Structures are given as structure tokens and as C-alpha cells.
Amino acid sequence: MQRALALAVLGRGFVEPNPMVGAVLLDANGAVVGGGFHGRFGGPHAEVNALAASGDAARGGTLFVTLEPCCHTGKTPPCTEAVLKSGVRRVVVAMADPFPAVAGGGLQILRDNGLSVDVGLCEAEAERLNAPYRMLLRQHRPWVIAKWAMSLDGKIATRNGDSKWISNARSRAKVHELRGRVDAILVGRGTLLADDPLLTARPAGARIAARIVVSASGKLPETCQWLLTVAQAPVIVATTAPDARELAPWRNAGAEILGIDGPMIPGLLAELGRRRMTNILVEGGAGLLGSFRDADAIDEVHAYIAPVSIGGVNALSPLGGVGISAMVEAVRFGDVSVEVLDGDVWIAARRA
Ligand SMILES: NC(=O)c1ccc[n+]([C@@H]2O[C@H](COP(=O)([O-])OP(=O)(O)OC[C@H]3O[C@@H](n4cnc5c(N)ncnc54)[C@H](OP(=O)(O)O)[C@@H]3O)[C@@H](O)[C@H]2O)c1
């Protein structure tokens, strides 16, 4: 199953809003005879690829798969049919599929046809791998990754708003990799004004993220890099003032003006969920990241800490907004990863 999980990860960025899935086949003697993974949205599922790789050797064998085989016709025929046809005797599944059209139905069909079915091997790892998929299915919103680069003293810009560059080239390259696998990249109006960032993935990744600026006022600049590059990556303005006159050049340039009624963060997340966005990346600044924190909507953090000091009581720290008043209210993240990147330190953590 560990091998199947490692295969599943190869689909990251290519398969969403589908889940990442990997499969490994053992023949009747317990020898590995094939493996496969779900490689792209709409493409064949992991089981089908693993069965194709195994051929006749699957007969009497065991299929290890990280997610319950599907039993409905979606973009491809049901995997349960392929499994039954293959002559596999036993199926070991890491986790049941929460997708409503499957939800235990795939396991039932296999059992009804006399196969031995076990569920729950490496379940925690499988659930962790597909946490964004599960979030979208259960809470109808994307998984939110918050990213910032800060100094040793916890500042994301100088007191004048300068932040180019706090982190080093290797850290920034890692951010570009992340940008290349998410559905949207978000910044607040303040960051757009201060930095005029391009926010594309360079080099390009598995998918092209929409670029979203969040602005209650809609008072956006008349020109900026985004307006010149709408054809490269879509631009969306999420605003509670869709009729603001400053938005006319944005409309004319081909940006989408997305009016949000009511509280911004839940409203925007619900809309992005309706668009089946699975992962979104919030790149700052402090105001927007603080809004996500205050809405308890940060699922994963990527903090880049550079060995520089900035100082200044007026220099921003990563999370603005209102914040908490007592430590008991704090969200404690788990699953911590740490890497040293040419002297910067990258810390990632996620909702436990
Ligand atoms: N080091 C880093 O990783 C990093 C990353 C990004 C930015 N930065 C730095 O951060 C600074 C900018 O940060 P900032 O805090 O001033 O600005 P910001 O967070 O980029 O933008 C704040 C603006 O976003 C809009 N906004 C945020 N939350 C909202 C909500 N819940 N509803 C509606 N609108 C919302 C508001 O726009 P309206 O005014 O229109 O209401 C608000 O004024 C710059 O100096 C930049 O260089 C650093």
C-alpha cells in the first residue's frame, strides 16, 4: 500500500478535482506484477492502469488500491467491472470513497461477487493525501494553503512595504512549484498595489491557476502586470463593490468581476467550491491572510523564514486581521515538515 500511495502522488496537480489514486497488483504467489496511478482528470483510473500493466498475471492475485474502486460510470466505465473481469481474488483498499455515487457501493459490489475485500490499510496516509478532495466533497470548498516569506523577526515587509526579496532564489523556486499545481492564487488589494506581482508559475506546472485579487472597495489600479497578461492566466476580482468605476479597465481587459454578497471569505470559498477548485494558495499580504485566519479557513501553512532582520513596530507580520485573544482559541497545526533551502528554513504544517 505504501507503494500504491507513492504512485498516487504522481497525479498531484493533474487529476483534481478527482482524487489522487495509486494501485499495485500482486499475483497469486504474492509477487508484484504491476502498478498504476490516476494520471490526469478524465483519464483512466489507477486500478485500470495497474490491471493493464499486469495482464493475465492478475488472475487469482491481490489488488492494493489507495481508494475504493468506483462503481459508477463517470468519465470512464466503473472500475469494479474491470476488477471483476481481471480475475483478481482479493482487494485491499486504504479508504472508502466519500464520493456520493460510490460511498461503499464499490466495496459492496466486489464482496457480492465473492471477492475478499479489506479496508483501512494505511487509511490515515490515504486520507491525508486526499484531504483537499475530501474537503471539497464534504465542505464544498477548496483546501486553503497560506504561504508567506518572513524575516527571522517575523516580518513580511519593511515598514515602507518593501518585500522584494526576503526569501532566497531556492525558496522562491519552491513557491513556483506550488503555484503550478493549485487552482487559484489569491492576494489582497494591498499586495497588488505594493508589489504588482505576476503570480504565474515559472516554469509552468501541471495546471494554470486563476489569479484572484480580493478587494472590498474595488479600488484597483488602472494598469498592472495582470491586466497585460489576462490571456496567460485568468484574472478574477472578488469584491463587494462590483460596480466600482475603477473596475472598468479590468472588465475591458478580460478580467472577471465576481461580486460577493455578505462576508467575503466564506462567500468566496463557496463560489470557488462551486467551480470545483480543489486547492487554492493565499499569498498575502497580512490583511488577506488575517481575514482567512479570522474565518478559520487556513488548512495548510507554508512559511519561508529567511535569516534577515527587518524590525520596526509598523512592519507587517504574516497574519493581520483581528487575531485571537487567548491561546486556547489557537488552531494548532500538525504534520510539520521542515527543510533548509540554502539557508532559508521552510516550515509546512497542516490542520490536524
Ligand atoms: N513576504 C511575503 O510573503 C508577502 C506576501 C504578500 C505581500 N507582502 C507584503 O504585504 C504588504 C501588503 O499587505 P497588506 O496587509 O497591506 O495588504 P493585503 O492583505 O494584500 O490587502 C489588503 C486588502 O485586501 C482586501 N481584503 C483583505 N481581506 C478582505 C476581506 N475579508 N474582505 C474584503 N476585502 C479584503 C482589502 O481591500 P480594500 O482596501 O479594497 O477593501 C484590504 O485593504 C505589502 O508590503 C507586500 O509587499 C509580503
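## Contacts and the predicted model

Two residues are in contact if their C-beta atoms, placed from the backbone, lie within 7 Å.

## Helix α6 and its two sides

Let's start with helix α6, where the buried residues are P132, Y133 and L136. Looking down the axis of α6, you will find these buried residues within an arc of 105 degrees, so they line one face of the helix. The cover over the buried residues of α6 includes β6, α11 and β11 (279-282). After α6 comes H140, with a positive phi near 55 degrees.

R134 also belongs to helix α6, which spans residues 131-139. Is R134 buried, exposed or partly exposed? It counts as partly exposed because it has 18 C-beta neighbours inside 10 Å, and a residue needs 20 or more to be called buried. Leaving aside residues up to four places away in sequence, R134 touches P98 and E127. R134 and G161 are 27 residues apart along the chain, and 37 Å separates their C-alpha atoms.

## A five-stranded sheet

Next comes an open sheet of 5 strands, with mixed pairing and the order β2-β1-β3-β4-β5. Its edge strands are β2 (32-37) and β5 (116-119), each of which pairs on one side only. From one strand to the next, the twist averages 15 degrees. Helix α2 (residues 46-54) packs on this sheet, where it touches β1 (22-26), β2 and β3 (62-67). The direction of α2 makes about 145 degrees with that of β2. Helix α4 (residues 105-112) lies across β4 and β5, and runs at about 150 degrees to β5.

As a reminder, strands of a sheet pair through backbone hydrogen bonds, either parallel or antiparallel. Here, β1 and β3 pair in the antiparallel sense over 4 bridges, with L26 having T62 in β3 as its bridge partner. The pairing of β3 with β4 is parallel and covers 5 bridges; T62 stands opposite R90 in β4. Strand β4 (residues 90-95) in turn pairs with β5 in the parallel sense over 4 bridges, and R90 stands opposite S116 in β5.

How many of the 6 residues of β3 are buried? The count is 5, so β3 is largely enclosed by the rest of the structure. One of the elements touching β3 is helix α2.

Helix α3 (residues 79-86) has buried residues too: C79, T80, A82, V83 and S86. Seen down the axis of α3, they fall within an arc of 160 degrees, so they line one face of the helix. These buried residues of α3 pack against α2, β3, β4 and α4. Just after α3, G87 has a positive phi, of about 85 degrees.

## A238 in strand β9

Now move along to A238, in strand β9 (residues 235-239). A238 counts as buried because 24 C-beta neighbours lie inside 10 Å. Which residues does A238 touch, not counting those up to four places away in sequence? They are I212, V214, L258, I260, M264 and L268. Take L258 from that list: A238 and L258 are 20 residues apart in sequence, yet 4.9 Å apart in space, C-alpha to C-alpha.

## Around the ligand

Finally, have a look at the ligand, which is surrounded by 30 residues. The closest are G188, G190, G284, G285 and G287. Two or more residues of this shell come from each of β6 (143-151), β7 (184-188), α8 (189-195), α11 (264-274) and α12 (286-294). Helix α8 gives the largest share, with 5 residues.

What is the make-up of the shell in nonpolar, polar and charged residues? The shell divides into 14 nonpolar, 12 polar and 4 charged residues. Two elements of the shell, β6 and α11, are also among those that cover the buried residues of α6.

How values were computed. Residues numbered from 1 in each chain as written. Predicted model: local features only at pLDDT ≥ 70, side-chain atom pairs only at ≥ 80, totals over all residues. Near = placed C-beta within 6 Å. Nonpolar A, V, L, I, M, F, W, Y, C, P; charged D, E, K, R; others polar. Buried ≥ 20, exposed ≤ 12 C-beta atoms within 10 Å, placed from the backbone. Pairing = 2+ DSSP bridges. Axes fitted to C-alpha atoms, helices over the stretch in contact; angles between N-to-C directions. Arc of directions from axis to C-beta.
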